[in-house]
Amino acid sequence: MANKILLRRGLKSKLPTLSAGEPAYTTDSREFFMGTGSGNVNMGGSQWYTGTAMSGTSTSSTYSYTSCPLVKVGDIYLNTSYGYIYQCTTAGSGSSAKWVYKGTIRGPQGTPGATPSYFPSNGYSSMEDLTIDVVDLKGEHLAPPTTIIIGCVDSKHQWLADYVCMAGQDHSAIFKKAIDALPSSGGKITILEGSYSIKNAISFSSKKVVFEGMGSGTSINVNGTFVASGGNNNITIRDIDIVASNVDGGIFDLTNTDKINLDNCSVSISIKSGTVTSTDVTAAVNGSGKTDVHFNNLSLTATFNANDGECGAVFRYCNVHGDMSKIKVTRASGCDYNVNTFMVCKGRVTNTSLMSDHFILHGTDPFVIDNCYVKCYSITQIEYDNHGSVINSRIYITGKNTIHWALTQIANCQISIPYTTTKILCKAEMFNNNKIGNSASNMFVFSQYAIIVGNKSKYTMTSSTPTGAVIANNVVHSNMSNILTDEE
């Protein structure tokens with residue numbers, strides 16, 4: 001009887017690392033393996049692997065990827081995003097395994113079919129005739145889609161897009177076309193990941209439109225104004241990065257009948273240099289009335305460059321409601337006009353970092369800053385006609401000369417005044433329960449009939465008592481030096 005050659009055998013889950021040239025057979029899966037000394041190679045024909053680690057299409061190059069398992073010559077890899085197929089030409093694992101591009105399972109795009117001009121079998125003379133006659137379940141004409149998808153050539157899933165934006169072009173017309181394609185009531189425009197360019201303001205009216213991106217992967221570069229509203233719009237910008245330059249009338253130029261929501265967005269604005277269209281230079285939202293502005297988790301930076309403007313604002317003529325955000329305003333060298341974060345606005349901002357090398361508030365409308373970090377030259381621009389309140393907040397003042405706080409109330413705040421030359425003309429009607437890290441004595445001059453009660457400061461706040469003012473229960477304590485901190 002001839003001798004039998006028996007291979008190492010057992011369950012696949014128990015298969016050890018075989019020595020180089022050592023064979024083995026798995027009795028449960030009926031597979032044949034050969035050892036290499038560092039791993040086991042399945043010898044049962046070409047093995048298929050999938051993923052997105054390799055994406056090139058050059059036929060003259062080889063490809064590899066670091067997480068590649070132990071493979072053999074002839075094995076196949078499928079890129080599941082693009083349908084590209086690769087074949088192994090050098091066995092191994094990790095970057096030592098080499099692959100070549102063989103083609104794609106998509107195949108070439110076929111020639112578009114001809115559009116018939118008539119339908120002899122059903123009596124319709126044209127496609128338009130057919131469309132007009134088709135009704136939906138409600139008995140109305142076919143409704144336009146409520147969601148439009150815009151993509152660009154570098155969008156990973158561009159084949160999902162209704163409109164594709166080409167590189168190096170102005171995409172304003174495509175965005176406008178997508179808006180016009182929505183029903184009269186509005187809808188959502190999904191913007192796939194990629195970079196888009198808006199060089200001409202988009203104008204529309206009486207629609208509720210949601211622009212929703214893919215987070216930081218969706219970037220819109222704006223030259224000047226993004227949306228110039230015709231009125232009665234409800235606009236939401238969500239999960240989008242906006243980089244705007246040459247701005248002077250706001251990236252959103254709206255009317256008093258508009259509403260805008262900025263959710264989870266990053267916005268960077270550079271104000272136009274030289275000659276501007278309007279001397280009232282606006283960075284973010286130009287309300288032109290009392291536009292409702294809501295922002296949440298907004299990161300906004302605005303740089304005001306040197307130009308012939310007379311005053312600057314980030315938000316102008318708006319009803320503002322903001323939370324959990326960060327707003328930073330900077331005046332570049334040569335910018336010599338006043339800049340306010342909120343100009344003639346009313347509303348409430350909470351849990352937000354407000355940083356400016358100039359002013360935060362200007363106007364006569366009630367505005368509340370609550371539980372915020374405020375770093376600025378001065379909270380208000382002028383000494384009168386401001387009904388704002390700052391409460392439960394941390395304030396850091398960078399102004400080194402005489403500044404004005406024309407506020408209704410400053411209460412329960414930590415106030416840092418690091419410069420000994422600062423003089424604050426405080427018009428607040430109520431200045432209560434604050435902790436003040438003042439760097440010198442008598443830095444405050446309070447107004448008549450003010451109520452200054454329950455404050456704790458490092459040095460004496462004031463040397464005088466104005467007519468009708470109530471100054472009581474204020475304490476001087478050296479421990480207030482520990483709040484002289486800049487949180488930026």
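I5, L7, Y25, F32 and M43 form a nonpolar surface patch with about 480 Å² of accessible area together. Patches take residues with over 30% relative accessible area and no salt bridge; like charges are joined within 9 Å, nonpolar side chains (Val, Leu, Ile, Met, Phe, Trp, Tyr) within 5 Å. Accessible areas come from the Shrake-Rupley method with a 1.4 Å probe, and for residues only the protein chains shown count as cover.

The model is predicted: local features need pLDDT of at least 70, side-chain atom pairs count only at pLDDT 80 or more, and totals for chains, interfaces and linings use all residues. Residues are numbered from 1 along each chain as its sequence is written, and side-chain values use heavy atoms, with hydrogens and water left out.

- F32, a member of the patch, is found in strand 3 (residues 31-35). Strands (E, at least two residues) and helices (H or I, at least four) are DSSP runs, numbered from the N terminus.
- F32 counts as partly exposed because its relative accessibility is 34%. Buried means under 20%, exposed over 50%, and partly exposed in between (1.4 Å probe, protein chains only).
- An open sheet of 4 strands has the order 1-2-3-4, and its pairing is mixed. Its edge strands are strand 1 (8-10) and strand 4 (40-42), each pairing on one side only. From one strand to the next, the twist averages 30 degrees. Axes here are lines fitted to C-alpha atoms (for helices, over the stretch in contact), with angles from 0 to 180 degrees between N-to-C directions.
- Strand 1 and strand 2 (residues 23-26) pair in the parallel sense over 3 bridges. Two strands pair if DSSP finds at least two bridges between them. G10 has T26 in strand 2 as its bridge partner.

- Strand 5 pairs with strand 7 (residues 76-79) in the parallel sense, over 4 bridges. T50 stands opposite L78 in strand 7.
- Strand 31 (residues 373-376) and strand 34 (residues 394-397) run parallel and pair over 4 bridges. The bridge partner of K375 is Y396 in strand 34.
- Strand 34 is also joined to strand 37 (residues 414-417) by 3 bridges, in parallel. Y396 stands opposite S416 in strand 37.

**Aromatic pairs**

- The structure holds 19 aromatic pairs. Rings of Phe, Tyr and Trp (its six-membered ring) pair if their centres lie within 6.5 Å; planes under 30 degrees apart count as stacked, over 60 as edge-to-face and the rest as tilted.
- W405 and F444 form an edge-to-face pair, 6.0 Å centre to centre with 75 degrees between the planes. W405 lies in strand 35 (residues 402-405) and F444 in strand 41 (residues 444-446), so the pair ties together parts 39 residues apart in sequence. Both W405 and F444 are buried.
- F444 and F446 form a stacked pair, at 5.5 Å centre to centre and 5 degrees between the planes. F444 has a relative accessible area of 1%. F446 counts as buried at 6%.
- Y63, Y65, Y77, Y82, Y84, Y86, W99 and Y101 are linked into a cluster by ring pairs.

**Salt bridges**

- A search of the whole structure finds 7 salt bridges. The criterion is a side-chain nitrogen of Lys or Arg within 4 Å of a carboxyl oxygen of Asp or Glu.
- R8 and E22 meet in a salt bridge (2.9 Å, N to O). R8 is in strand 1 and E22 in the loop between strand 1 and strand 2, 14 residues apart. R8 is partly exposed, at 43% relative accessible area.
- D75 and K72 form a salt bridge, their closest N and O atoms being 3.2 Å apart. D75 is buried at 1% relative accessibility, and K72 is buried at 13%.
- D370 and R348 form a salt bridge with closest N and O atoms 2.8 Å apart. D370 is in strand 30 (residues 367-370) and R348 in strand 27, 22 residues apart. D370 counts as buried at 14%, whereas R348 is partly exposed at 37%.
- K188, E212 and R238 are linked in a salt-bridge network.

**Positive phi**

- Most residues other than glycine have a negative phi.
- V344 has a positive phi near 50 degrees. V344 lies in the loop between strand 26 (338-343) and strand 27 (346-350).
- Y449 also has a positive phi, of about 65 degrees. Its place is the loop between strand 41 and strand 42 (451-453). Y449 is exposed, with a relative accessible area of 57%.
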